[in-house]
Amino acid sequence: MEIKKDILWRVYLCFLGIAVLGLVVLGKAFYIQRVQGAFWKSMGDSLHLKYMPLEGQRGTIYSEDGNMLSTSVPIFDVYVDFGADGLREKDGKRFRDNVDSLSICLANLFNDKTVEEYKRELQLGYNNKDRYYTLKKKISFVEYAQLREFPLVRQGRNKSGFIIDTRDKRINPYVLLANRTIGLSRDNAKQNVGLEQSYDSLLRGNTGQRLMRYIAGAYMPVEGAEVDAENGKDIITTLDTYMQDVAENALMKMMVGNNSLHGTAIVMETATGKIKAIANLGKQADGTYIEDLNYGVGKATEPGSIFKLATLISLMEDKYVDMNSIVDCEGGTKYFYGLRIKDSHLGTGAITVKEAFLRSSNVAFAKLADQFYHSQPSKFIEHLHKLRLDTLTGIDITASSGKPTIKKPTNRSWANTTIPYMAHGYEELVTPLHMLTLYNAVANNGVMMKPYLVNAVREYGVNVKTFQPQSFGKICSDETLIQLKECLGAVVDSAHGTAHRVMFDSAYSIAGKTGTAVTALDNRGYNKGNKIYQASFIGYFPANQPKYTMAVVIQNSNESRLIYGADVSGTVFKEISDRIYGRYLSNKKYTSTNKVDSSLYKYYGLKNELNSIFSTLSLPFTDSMVGGYWREMSLKNNSIVLTNTTNTIGNNIMPNVVGMGLKDAVYLIENMGLIVTATGRGKVINQSLAAGTPFTKGQKVLLVLN
């Protein structure tokens with residue numbers, strides 16, 4: 001009996017404990033649901049929902065003449081939510097009905113997988129219920145437009161499960177054109193360069209937000225739950241695409257032909273300081289040239305003889321010399337405190353300062369600077385400061401601007417030889433843009449202009465901010481300016497001028513200065529075999545009414561055939577200035593004489609191409625034939641007639657290709673099964689297999705071009 005009571009007591013105690021525990025659990029559940037429900041719900045959502053940044057469309061960078069230099073194009077990533085309700089309803093009937101035709105369309109569009117492979121991929125994703133399956137990334141807008149019309153996809157996101165994620169890809173439509181100046185836009189803004197970096201905050205706009213849900217190991221966007229981003233503003237640069245193209249082509253031609261290391265060509269609008277073109281090319285390990293660095297803005301070097309203009313300004317402003325003062329070059333060689341300075345042309349004696357400048361005498365300028373500034377070097381340095389040669393130029397891409405170095409007497413490296421060497425362009429470091437800004441000031445009647453690259457910031461076609469030319473003030477007196485212009489003009493006009501041989505035959509006047517600086521190869525000193533030459537020419541044109549000022553600075557290699565400033569940079573300057581003058585400044589008008597041409601001219605080519613050419617040029621013509629692809633064009637007495645050619649002869653009969661360009665001739669003959677070899681350039685003047693001759697496929701034909 002006692003045992004029974006003891007057992008019952010224990011059972012009742014356990015039952016009571018269980019009842020109490022149940023009440024506690026129910027109470028806790030009620031408390032969590034009713035009191036803490038909102039908190040835990042938000043906590044759960046935070047583990048599965050997340051706001052992610054939504055970038056706006058980056059603004060476009062334009063040239064001054066309205067061409068796109070850098071812009072964003074949409075690219076699309078394609079995902080599939082195989083767990084979408086509409087896709088799986090009715091036991092997946094919609095998916096099964098469309099998977100075959102969809103696979104065919106995908107295979108034909110992307111050409112990367114077979115129809116069977118696409119079908120297996122889609123079926124596997126469906127069977128696994130993948131919620132954010134990556135089908136294709138980085139497709140173009142054209143591909144996206146076709147994809148939207150595919151079976152299943154065209155039924156919409158809820159029924160098809162297809163999710164299209166749009167993002168932007170930055171492109172430079174002109175590829176290398178001003179590539180380093182325009183810059184690159186990377187995901188990490190700190191790695192951007194050029195204008196893309198300087199104006200990043202304006203170009204990128206304001207970031208929006210998009211709600212993403214974490215499902216099956218990936219985040220999926222929640223439709224309709226996003227805060228739109230604000231698109232970036234557009235930048236209108238000062239660059240001119242024609243001038244930029246001309247500058248890059250002329251620079252490339254010289255550097256490739258002369259095996260140079262790197263170079264730059266900068267064109268500035270004289271009156272405003274606008275940079276109209278800036279080309280930068282550097283040689284790569286494989287021998288090609290690309291815009292790898294901004295040599296014009298970001299690389300400070302010893303300038304050489306182009307620095308003599310700064311020395312001449314200092315001497316004239318202090319009234320120590322004028323252009324008619326006499327200086328003895330002492331045969332073109334002289335020792336200064338144990339170090340020899342010599343001229344490239346030995347034998348010169350006593351000459352005027354003007355002649356010393358146009359001959360580019362190192363000895364003359366070293367002597368004058370040492371004579372007047374040896375005991376008062378700070379006076380010379382103060383002039384260089386006034387000319388802003390020790391100050392950043394202030395150009396828009398300051399992040400990559402090279403910092404100039406002008407020695408001061410307090411520097412540990414200062415020596416007795418410093419002033420003589422600085423006077424003719426050594427022991428100081430300046431960028432080509434610094435020197436261009438100085439020369440432009442002389443061209444601009446003594447007023448120095450701040451160089452700049454951006455005209456305006458534009459939003460939805462309306463300028464929200466504009467940039468005006470900014471003056472740094474006059475650099476010298478009018479008396480000095482007159483003499484400076486005469487000296488710069490004599491460099492080109494005088495028979496003894498260092499640039500005369502290259503530029504004397506110009507149809508317009510040019511003024512400027514050559515420079516050939518000795519630089520050390522791989523920083524191994526200036527010993528014989530290690531030294532290479534930096535060639536420079538900075539000038540303006542037309543000299544009587546300057547419109548543009550230009551700097552060309554090229555670093556040659558020890559394998560370069562040409563080394564002097566006039567031969568290398570002067571040649572590039574002349575080619576660029578000729579093209580600019582001919583397009584923008586020349587008043588010469590070309591008119592047709594309207595004389596009747598009695599000669600007969602013939603040309604052969606594809607009918608469609610000839611029609612396109614004549615239509616574009618608005619030239620009237622008559623086509624006497626209806627069928628066929630090839631035509632013989634006859635031009636006589638200013639009348640164009642298209643007739644059928646002997647090229648319509650049977651399949652195994654040699655056609656007549658005399659008069660054709662090589663491309664058309666090869667296209668025609670090789671399509672008939674013949675093997676073509678060619679010599680010469682131009683149009684075909686002879687063919688080894690005469691027209692009308694039978695041939696066999698695989699037979700060789702030699703074409704001779706004129």
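Helices (H or I, at least four residues) and strands (E, at least two) are DSSP runs, numbered from the N terminus. The structure is a predicted model, in which local features need pLDDT of at least 70 and side-chain atom pairs count only at pLDDT 80 or more, whereas totals for chains, interfaces and linings use all residues. Residues are numbered from 1 along each chain as its sequence is written, and side-chain values use heavy atoms, with hydrogens and water left out.

By these assignments, Pro 542 is placed in the loop between strand S23 (531-541) and strand S24 (548-555). The peptide bond that joins Phe 541 to Pro 542 is cis, with omega at about -20°.

Asn 259 is not a glycine, yet its phi is positive, at about 55°. This residue, Asn 259, belongs to the loop between H10 and S9. Buried means under 20% relative accessible area, exposed means over 50%, and partly exposed lies in between (1.4 Å probe, protein chains only). With a relative accessible area of 18%, Asn 259 is therefore buried. Tyr 337, likewise a residue other than glycine, has a positive phi near 55°. Tyr 337 is located in the loop between strand S13 (333-336) and strand S14 (339-342). Its relative accessible area is 42%, so Tyr 337 is partly exposed.

The loop that holds Asn 259 also contains Ser 260, between helix H10 (241-258) and strand S9 (262-269). Ser 260 has a relative accessible area of 0% and is therefore buried. The side chains of Ser 260 and Asn 556 are joined by a polar contact of 3.2 Å. A polar contact is a pair of N or O atoms within 3.5 Å; within protein, one must be able to donate a hydrogen and the other to accept it, and residues adjacent in sequence count only if both atoms are side-chain atoms.

The packing of two helices was then examined. The axes of helix H3 (residues 85-110) and helix H4 (residues 115-127) come within 8 Å and cross at roughly 150°. Axes are lines fitted to C-alpha atoms, for helices over the stretch in contact, and angles run from 0 to 180 degrees between N-to-C directions. H3 and H4 are therefore roughly antiparallel to each other (angles under 35 degrees count as roughly parallel, over 145 as roughly antiparallel, 65 to 115 as roughly perpendicular and the rest as oblique). The crossing of H3 past H4 is right-handed; a crossing is left-handed if the near helix is turned anticlockwise from the far one by less than a right angle, and right-handed if clockwise. Sorted by class, the residues in the contact of H3 with H4 are twelve nonpolar, three polar and four charged. Here Ala, Val, Leu, Ile, Met, Phe, Trp, Tyr, Cys and Pro count as nonpolar, Asp, Glu, Lys and Arg as charged, and the others, Gly among them, as polar.

An open sheet is formed by three strands in the order S29-S31-S30, with mixed pairing. Two strands pair if DSSP finds at least two bridges between them. Strand S29 (675-679) and strand S30 (684-687) stand at the edges with a single partner strand each, so one side of each is left without a neighbour in the sheet. On average, neighbouring strands of this sheet are turned by 30° against each other, direction ignored. S29 and strand S31 (residues 700-705) run parallel and are joined by five bridges. Val 676 stands opposite Val 701 in S31, and Ala 678 has Leu 703 of S31 as its bridge partner. S30 and S31, in turn, run antiparallel and are joined by three bridges. Leu 703 in S31 is also the bridge partner of Gln 687.

Finally, several pairs of residues separated in sequence were compared in space. Ala 366, in helix H14 (residues 362-373), counts as buried at 0% relative accessibility. Between Ala 366 and Ile 341, 25 residues apart in sequence, the C-alpha to C-alpha distance is 8.0 Å. Pro 420, in helix H16 (residues 418-423), likewise counts as buried at 0% relative accessibility. Pro 420 and Phe 365 are 55 residues apart in sequence and 7.4 Å apart in space, C-alpha to C-alpha.
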